Structures are given as C-alpha cells and as structure tokens.
Amino acid sequence: MIHNIVQAAKTHKNYQWAWQNYEHIVQQIIESQTGKNVMEIGGGRFPTFDQAYVEKQGLKYTSNDISERELSLAPHWVQRAHFDVQTADESAIEPFCNQYDVCFSKMVMEHVESYDRAYKNIFRILRPGGMSIAFHPVLYTLPFLVNLAIPDSLSSKLLASVFPNRTDDGIPKFEAYYSGCRISQSVRDNIQSHGFSAVWQVPFYGHNYYSKFPIIRNIHSTVNDMIQDANISVLASFCYTIVKK
Ligand SMILES: C[S@@+](CC[C@H](N)C(=O)[O-])C[C@H]1O[C@@H](n2cnc3c(N)ncnc32)[C@H](O)[C@@H]1O
C-alpha cells in the first residue's frame, strides 16, 4: 500500500502538486493503518485536519508543538502535546511512547535543530508498523539558503515588513535550521539507523518565491524544468520524507 502511495507521488514532481495533495496523501496513509491514533508534529494553532474529518475517521488527533502559545490557540476539539520533537530529554517523550499509528508534519522539520534526535523520538512515539510523513523544504534552493544565511532578527524584520501580522505577538517567524532538509542516501541511512524498516524521500521541484520578479521567474522556470526533467533530486525544492517503523 505505502509503496503504491510513494510511487504515485514520485510521478508528479511539481511543487504545486505537493502542496495541493499533501492532506490527501496523509489521509491515504492514515486510512491504510488499522489504528487511529494520529499526532501532528508542530501542528500548533493550525492543525491540518478539520473536526469533520477527525470525527468521520474516528481519529484520536493530537497536535504537538514546542510552543505553548501556539497550542493554546489550537481549536478546542484537538488534544494537545507540548514538547520539543527533537528533545534530548528522554523523559519528555516517555508519556507518548509506542502510541501513535501515524505522525506527520507540514513545514516543521526545517525548524528542528537536530533531525537525528527528531527521528529518534518519532521512532519511539510510533507503534510497531506506524508511519510518519514530513513535508519540508530542501535546503539547496536559493531562497532557503538565503534564509539560513541571514540572521533571524533580520529575516524576521523583513517578513514583518511584507506581512504585518508576522510578528511575535501575531503569527511569529520560527527560526529555521534546515537540519536534514536534504535529499540524499546519507540522510535516509541516518534516519533508518534509528530502527525504521523503510525510508523514502519524494522530491518536488520549483517554488513561487520569484513570482513578483518576471525576468528572474522566467529564468528560474527554464532552469527548474531542466532540473526536474533530469531528476536532479539534490536540487529539488520540497520533499515528502516518509518512514515506516
Ligand atoms: C511554520 S509553522 C507550521 C505550522 C503548521 N504545521 C502549518 O503548516 O501551518 C512551524 C511550527 O512548528 C513548531 N515547531 C518548531 N520547532 C518545533 C519543535 N522542535 N518541536 C515541535 N514543534 C516545533 C512551531 O512552534 C510552529 O508551530
């Protein structure tokens, strides 16, 4: 089942498909499991699924976050789990061990300081046979390299100047580390070394960060088509990283 989901996703390649279909892919993974205990990592105030889907599927749906404030703004019908997914403190993970059939995240792994510690903890949280999927950016894309290179205080100010609600009091900008946000055999091997039976990475090409700059946008589009046609996954812009315990 999971092999079919991965192979089907790999045929699409374009980042727009990845964004439009992520919820559906997570739903397919959830519905492929017999257990219904689901944790969204870094779900914060905006858990991905709505109450109607959760009730229809009979899920026990928990939103995790490192930020108490984000969790306090989550809807009332979601269970909350306040911890840092990459914590080195084993006792913080203990209450959640061997309980979850599916863990998933969307645009969280780039904010995690150590993907190695995060996957160690995800392995502990999952039940045997459980699955996890993360949708994350891939570092070797110019806007993400720039985001990593410039100090967070500067990038936060730039973001707030374009989007006035992106402040610490509104919707904050979360610091980005891009740990493990690469597509490579060594990342897959590191993840697998925690005990997972399988690890897949599905690359997606392109992004819309140049949409307001027509000349750069057109050059980027041409170069991106070449990268996508040649399947140079190291230069993809986004990725689904999927693991099975
Ligand atoms: C960019 S937001 C994405 C939120 C949501 N997944 C979405 O797509 O709208 C990143 C979220 O990850 C949370 N986060 C960052 N580092 C984390 C960590 N180490 N453990 C758990 N959550 C974390 C942040 O507090 C924030 O809520």
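The buried residues of helix 6 are Y115, A118, Y119, N121, I122, F123 and I125. A residue is termed buried if 20 or more other C-beta atoms lie within 10 Å of its own, exposed if 12 or fewer do, and partly exposed in between, with C-beta atoms placed from the backbone. Helices (H or I, at least four residues) and strands (E, at least two) are DSSP runs, numbered from the N terminus. The structure is a predicted model, in which local features need pLDDT of at least 70 and side-chain atom pairs count only at pLDDT 80 or more, while totals for chains, interfaces and linings use all residues. Residues are numbered from 1 along each chain as its sequence is written.

The buried residues of helix 6 pack against strand 1, helix 5 (90–93), strand 4, strand 5 and helix 9; contact here requires that the C-beta atoms of two residues, placed from the backbone, lie within 7 Å.

Seven strands form an open sheet with mixed pairing, in the order 3-2-1-4-5-7-6. Strand 3 (79–82) and strand 6 (198–204) stand at the edges with a single partner strand each, so one side of each has no neighbour in the sheet. From one strand to the next, the twist averages 15 degrees. Angles run from 0 to 180 degrees between N-to-C directions, and axes are lines fitted to C-alpha atoms, for helices over the stretch in contact. Two strands are said to pair if DSSP finds at least two bridges between them. Strands of a sheet pair through backbone hydrogen bonds, either parallel or antiparallel.

Both senses of pairing can be illustrated. Strand 1 (residues 37–41) and strand 2 (residues 60–65) run parallel and are joined by four bridges, with E40 opposite S63 in strand 2. Four of the five residues of strand 1 are buried, so this strand is largely enclosed by the rest of the structure. Strand 6 and strand 7 (residues 238–244), by contrast, pair in the antiparallel sense over seven bridges. The bridge partner of A198 in strand 7 is K244, and that of F204 is F238. Strand 6 is mostly covered, as five of its seven residues are buried. Helix 1 (residues 2–10) lies across strand 5 (126–137), strand 6 and strand 7, and runs at about 20 degrees to strand 6.

The largest nonpolar core has 51 residues, of which I29, V102, C103, I133, F238, C239 and Y240 touch the most other members. Such a core is a set of buried Ala, Val, Leu, Ile, Met, Phe, Trp, Tyr and Cys residues joined through C-beta atoms within 7 Å. When residues up to four places away in sequence are not counted, C239 touches H136, V138, I183, Q201, V202, P203 and F204.

Most residues other than glycine have a negative phi. M107, although not a glycine, has a positive phi of about 55 degrees, and is found in the loop between strand 4 (100–106) and helix 6 (115–125). M107 counts as partly exposed because it has 16 C-beta neighbours inside 10 Å. Y178, also not a glycine, has a positive phi of about 60 degrees and is found in the loop between helix 8 (152–162) and helix 9 (185–192). Y178 counts as buried because it has 20 C-beta neighbours inside 10 Å.
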